[in-house]
Amino acid sequence: VIALALAGLRARRSRSLLAAAGVLAASLVVGTATTVGFGLATGFERSAREADLPDVIARFDAEGRETLDERVRALPNLAARSYRMEHNNVPLAANGNFTHRGAVHVVLGGRRGYLVTEGRDLSGRAGELVVEQGLAREWDLEVGDRMRLGHSEVAGVVGIAVSPDNVAFPLARAARVYVPERFAASEPANLALLWLNDPSEADVTLTQARAVSFGLGRLEFVTREGVRVLLGQAAGIVISLLVAFSLVALAAAGTMLAAGAHADVQRRLGALGVQRALGISPARIGALQATEAALVAVPAAALGIALGAVAVAGPAAALLAALNELPPGGALLLPLAGTLAAVTTIVVAAATWPAWRAARRPPVEILRGGTIAAATRRSSAGAGTARPSAAATPRSSPGAGLAALGARFATAARARWLASVATIGVCAGVVTLMLALASLLERLRDDPGTVGKRYQLTAALDPSLADEVRAIPGVADAAPRFVADAADSFRLDEPFRLVAYPGDHTRFEAPPLAAGRRLRSADEIEVGVGLADALGLQPGSALAAQLPSGEEVRFRVAGVVRALENSGRIAWTRPDRLTGLSPALAVRLDGGADRDAVERALEELGAPPQPVGGATTRNAAFLGVLAAVLRGVGLAVGLVCLYALVQALAMTARERRGAVALLRACGGDAHTVACVLAGAAAAVAVPGALLGVALELTVFGPLVARLAAGFAALPIAPTGGQVALVVAGLLALAGAATALVARRVLREPVVAGLREE
Amino acid sequence: MRRAAVAGLVALAVAGCGGEPASAPSATSTLHATLVDRDGDGFLERGPGEPLTGPEGGRVLATFGQLTDAHVRDEESPARVPFLDRLGPPLTSTFRPQEAFSTQVLDAAVRALARERPQAVVVTGDIVDSAQENELDQALAVLRGDVVRPDTGGPGYDGVQEASNPDPFYFRPDHDAPRHPGALAAAQRRFRAAGLPVRWYPAVGNHDVLVQGEVPATDAIEDVAEGDRLVTGLDPSFQPPTLDEDEVRTLLADGELFGRAETVPADPARRHLAPADLVERLAAAAGVRPVAGRLDYTFDLGAEVRGIVLDTADRAGGSRGVVTADQLAWLRGQLAGDRWTVVFAHNPLEASDGGEAALELLDRTPQVVAVVSGHRHRNAIERRDGYWLIGTASLADFPQQARMFRLREADGGAVLETWTVDHDGLGLAGTARELAFLDAQGGRPQGLAGERSDRNVRLFVQP
């Protein structure tokens with residue numbers, strides 16, 4: 001069977017190469033998506049495991065270690081503990097670089113919670129320090145370099161470390177270094193690292209920790225899961241998007257492979273009929289087809305996946321480094337091998353199944369032609385005939401008529417046309433998604449609306465002016481926004497931000513619900529996850545808030561929300577029971593509003609508006625890395641698009657070889673042929689583009705948003721310009737495909753085509 | 001058929017009269033199996049038992065059990081000070097996550113101990129938590145096998161552990177991990193207790209006669225206890241450490257509890273019993289005769305063993321035990337004769353005022369086998385000259401164990417076999433033990449279960 005398959009492939013060398021090119025292009029997408037997706041999706045867990053990241057990190061005001069340890073060691077489920085003293089805003093200088101935002105962690109023994117990737121760990125001697133990898137990269141630090149800490153202390157770099165409890169400098173504003181205890185002898189601690197025997201029972205440990213924390217100021221717990229969420233809030237929304245995008249790209253590539261393989265078999269139905277007529281059994285035909293498909297798919301997929309992985313490995317590693325995470329290294333081989341197996345399986349199954357199905361029909365029926373299912377349903381309007389219909393050729397515009405003819409050629413075999421359109425549609429959908437993602441990333445940087453805040457401006461105006469503000473063109477809504485720095489009245493050292501709007505606050509701020517429901521009355525409150533963790537709040541429990549006025553107000557917790565602001569130590573309610581607070585007006589703009597005009601109008605009302613901040617980094621390097629990753633995936637998808645178009649056109653040209661030869665025999669020149677082929681290409685490309693946009697709007701966008709929307713509601717819809725760009729790009733690709741195929745067609749003697757006809 | 005039934009009843013009666021226990025330990029005996037946290041996740045699993053080792057000894061002279069420090073409490077009482085718990089040591093026993101389930105735990109321990117088939121059970125004090133009459137009613141109902149009514153005040157739970165309490169320092173079973181929704185409501189439901197099937201003998205503990213085990217009841221405290229103002233939290237501006245035990249005592253004695261308060265239904269059954277009233281009720285329930293207003297008495301454990309119960313609770317206040325000169329004289333009089341003697345008291349004598357004199361007296365008495373106490377909530381066994389000082393863990397804190405004893409003849413003396421008994425963990429008692437184990441101020445971190453040599457051992461006595 002293998003020999004026969006090889007002979008078959010050799011006999012159809014160019015077609016086999018075309019098929020292999022298709023598999024390679026799709027596998028390129030698979031390789032890039034797998035590399036990016038796997039690296040990012042598993043980055044945190046992998047790094048947390050290798051860096052021995054604690055299961056719980058507790059921050060509090062400095063406390064004597066003995067007192068502290070007495071409480072900590074009594075906690076249930078505790079496997080190990082260690083302490084640090086974190087000094088913030090320490091000036092750091094090295095290699096001509098300087099920051100006054102140094103975070104100096106005095107390591108007070110015990111397990112570290114970081115992984116030394118270069119050099120060695122602290123030995124306990126004074127004058128040593130370990131720097132965070134991000135800082136080392138940014139400042140080009142190496143083991144042996146000297147760094148000035150504070151104004152006079154100088155220490156030598158003995159190691160470079162990674163700890164995924166925060167993103168890396170400079171994505172994180174603080175540059176972190178670790179120093180031994182002797183750097184500042186007799187330190188108290190303000191950071192406790194806890195490792196648990198069963199991390200899934202962390203909430204039980206936290207309950208007990210809260211119960212014994214009286215007197216600890218500004219206590220804040222972060223679990224490993226919480227770190228993941230915090231990272232997600234810092235930069236991981238982008239990561240989630242990329243992972244989600246990779247998953248969609250994988251699904252799309254699978255669809256394209258299946259469609260391509262299926263179409264290839266459709267084209268070869270005649271040959272299958274001959275084989276059946278010669279007495280070859282359906283099973284053997286199926287086996288032969290499977291072998292041929294495997295012989296094409298395995299090397300092409302391996303090469304494509306490898307190329308894809310190599311193409312994005314660098315940017316993906318840089319992205320991981322920016323997040324303080326470790327690259328997957330050899331661990332990536334397994335998923336890549338898995339995708340190779342999956343690609344091969346898809347191609348083989350998609351090629352074998354229709355071949356086997358077709359081969360089970362009587363040979364005569366197969367030889368009579370047509371697709372498997374639609375042979376009897378072909379329209380009589382020329383779908384089954386090679387001759388161009390006179391009626392299909394408008395007299396007024398020969399070019400348009402030829403293009404229409406080409407379109408009819410392309411759509412005559414419905415199943416194959418649909419497969420081609422599906423392939424192009426999926427590709428176009430992925431490209432549209434990428435464009436939408438790119439603009440989303442920009443909005444994440446500039447527009448807080450993407451993560452729950454739906455207002456763009458605030459103005460220190462009297463609430464009575466709300467109606468006037470709403471009347472400003474471009475303003476969608478405006479309402480008083482009350483803000484108070486409250487404290488839990490049982491733990492005055494637990495401050496939080498209390499935000500209140502009259503009526504439905506989700507018109508202005510709608511962080512996603514993590515538990516419970518939205519508030520419905522002035523007695524209820526929605527709390528951020530950070531606050532809920534600190535106070536052990538759940539839907540149904542009570543929150544006692546001490547206001548700046550000294551008044552205590554109790555609320556029933558209606559929901560817990562994933563809020564970014566103030567580390568999640570924030571709560572939303574209605575202002576009815578809050579007294580003595582002066583609100584500002586929150587202003588929500590229309591989609592296409594002229595922001596400058598609205599700002600001018602607000603100024604005229606008496607207060608210059610303040611913009612609301614964005615949600616992700618403006619770090620150029622980080623965004624540059626993201627762009628490189630997206631470009632890598634986009635290039636692969638573009639190649640698939642081109643392949644699919646070329647394949648569709650080549651098949652059409654092959655099938656309509658006689659008709660095209662007839663046209664040429666009747667005086668049709670290269671232009672005529674190009675018009676026919678362009679029509680055929682447009683018949684695939686235009687519906688494919690429209691399908692792609694529809695797919696992005698209805699499937700890919702919502703799917704990616706849902707996958708990535710652990711903590712935010714993300715609008716991933718393309719703009720009109722982006723849709724136009726996709727359509728134009730596809731048409732350009734169609735033009736390129738037309739040119740390629742037309743060249744080949746014109747090289748063939750007219751007689752050859754006519755003879756076949 | 002009838003003859004067989006009679007034979008069965010006779011067999012049960014013989015067993016109930018305190019013969020030698022069956023050789024196979026019961027399911028709750030730690031000789032067979034006990035509870036351990038093998039994986040360190042904070043939750044207990046069934047683990048291997050801790051069988052007795054060494055020469056077994058001969059004929060059984062007596063078999064008896066001990067329950068101690070049940071701290072049956074009215075957790076809804078306004079006279080409680082659970083908010084002091086957050087200040088840490090030495091005030092860590094004013095609130096326990098499992099405190100609403102004290103009657104259920106005592107009932108589970110009674111059931112477990114009954115399976116060990118003791119001749120008698122000694123309840124070594126702190127049977128209640130704060131000297132309230134309704135607490136004693138509940139505790140006695142459990143021991144007698146009556147219907148127990150744990151709910152006090154108004155119907156349902158009105159206390160600091162309600163889910164609606166915003167104070168994060170209290171464990172709120174309805175929404176704090178590990179969640180036990182509905183447990184508080186279930187704890188208020190009346191139930192019929194199993195009851196001890198054998199005679200039981202009480203000793204008085206400081207919590208039986210003093211408010212919170214610390215101060216004698218005053219009119220002011222009475223007003224608080226029977227009132228409708230439940231103080232639930234400290235003034236939030238209050239910062240430790242400025243409070244010591246003396247300040248707490250003063251605070252309690254004045255009845256001026258500070259901090260935030262809730263209104264709860266008043267309940268006159270929360271009155272505090274005068275020590276004499278308590279002694280009288282305990283004596284009546286157990287069928288013993290007190291001496292001069294204190295619950296000092298003796299009882300027989302079969303023909304060859306005698307028990308002596310000392311009342312060590314200091315009526316003047318404070319948790320430290322006391323043995324008065326009169327008690328010492330009375331004790332001296334009880335030590336005559338050649339029967340094996342076991343002394344029971346709530347407070348360890350070695351940590352009681354006048355206790356050392358009592359111990360010296362016992363040192364000179366060769367028939368003394370052991371001094372058995374509670375109070376410290378800790379399993380502990382120490383040798384003292386010719387006899388043993390045995391402390392037993394409480395039912396209030398982890399490990400919530402009772403203790404069994406079996407005295408046997410041995411060459412040249414006697415051997416006292418002792419082993420701990422886990423309660424059966426059924427229903428809310430199981431929840432209580434889970435929470436007691438997790439409690440970061442409770443018996444687990446304090447190591448109250450002791451070492452194996454503090455639990456299941458054979459102790460030799462040579463007169």
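Which side chains of chain A and chain B meet in a salt bridge? In this predicted model, the partners are Arg554(A) and Glu262(B), with 3.4 Å from N to O. The count of salt bridges between chain A and chain B is one. Side chains of opposite charge can pair when their charged atoms come close.

The rest of the interface was then examined. Chain A contributes 34 residues to the contact, and chain B contributes 36 residues. Together the two chains bury about 2800 Å². Carbon and sulfur atoms account for 59% of that area. Five residue pairs are in polar contact between chain A and chain B, both residues of each pair being at pLDDT 80 or more. On the side of chain A that touches chain B, four elements each supply at least two residues: α6 (202-211), β13 (491-500), β16 (542-546) and β17 (552-561). The largest share comes from α6(A), which gives six residues. Sorted by class, this side of chain A has 14 nonpolar, 11 polar and nine charged residues.

Over all chains, the whole structure holds 48 salt bridges. One of them pairs Arg224(A) with Glu45(A), whose closest N and O atoms are 3.8 Å apart. This pair links distant parts of the chain. Arg224(A) lies in helix α7 (residues 224-267) of chain A, while Glu45(A) lies in helix α3 (residues 43-50) of chain A. The two residues are 179 residues apart.

Helix α2 (residues 102-115) of chain B and helix α11 (residues 428-438) of chain B have axes that come within 8 Å. The axes cross at roughly 105°. Angles of 65 to 115 degrees count as roughly perpendicular, so α2(B) and α11(B) are roughly perpendicular to each other. From α2(B), the contact is made by Gln104(B), Val105(B) and Ala108(B). From α11(B), Leu428(B), Ala429(B) and Ala432(B) take part. By class, this contact of α2(B) with α11(B) has five nonpolar residues, one polar residue and no charged residues.

Most residues other than glycine have a negative phi, and most peptide bonds are trans. Which peptide bond joins Ala177(B) and Pro178(B), and what is its omega? The bond is cis, and omega is about -5°. Pro178(B) sits in the loop between β5 (147-148) and α4 (183-187) of chain B. A cis peptide bond also runs from Phe398(B) to Pro399(B), with omega near 15°. Pro399(B) is placed in the loop between β17 (387-391) and β18 (401-410) of chain B. Ala131(B) is a residue other than glycine with a positive phi, near 60°. Its place is in the loop between β4 (120-124) and α3 (133-144) of chain B.

Methods. Residues are numbered from 1 along each chain as its sequence is written. Chains are lettered from A and ligands numbered from 1 in the order in which they are written. This is a predicted model: local features need pLDDT of at least 70, side-chain atom pairs count only at pLDDT 80 or more; totals for chains, interfaces and linings use all residues. Side-chain values use heavy atoms; hydrogens and water are left out. Contact means heavy atoms within 4.5 Å. Buried area is the accessible area (1.4 Å probe) that two parts lose on being put together, summed over both. A salt bridge is a side-chain nitrogen of Lys or Arg within 4 Å of a carboxyl oxygen of Asp or Glu. A polar contact is a pair of N or O atoms within 3.5 Å; within protein, one must be able to donate a hydrogen and the other to accept it, and residues adjacent in sequence count only if both atoms are side-chain atoms. Ala, Val, Leu, Ile, Met, Phe, Trp, Tyr, Cys and Pro count as nonpolar, Asp, Glu, Lys and Arg as charged, and the others, Gly among them, as polar. Axes are lines fitted to C-alpha atoms, for helices over the stretch in contact, and angles run from 0 to 180 degrees between N-to-C directions. Angles under 35 degrees count as roughly parallel, over 145 as roughly antiparallel, 65 to 115 as roughly perpendicular and the rest as oblique.
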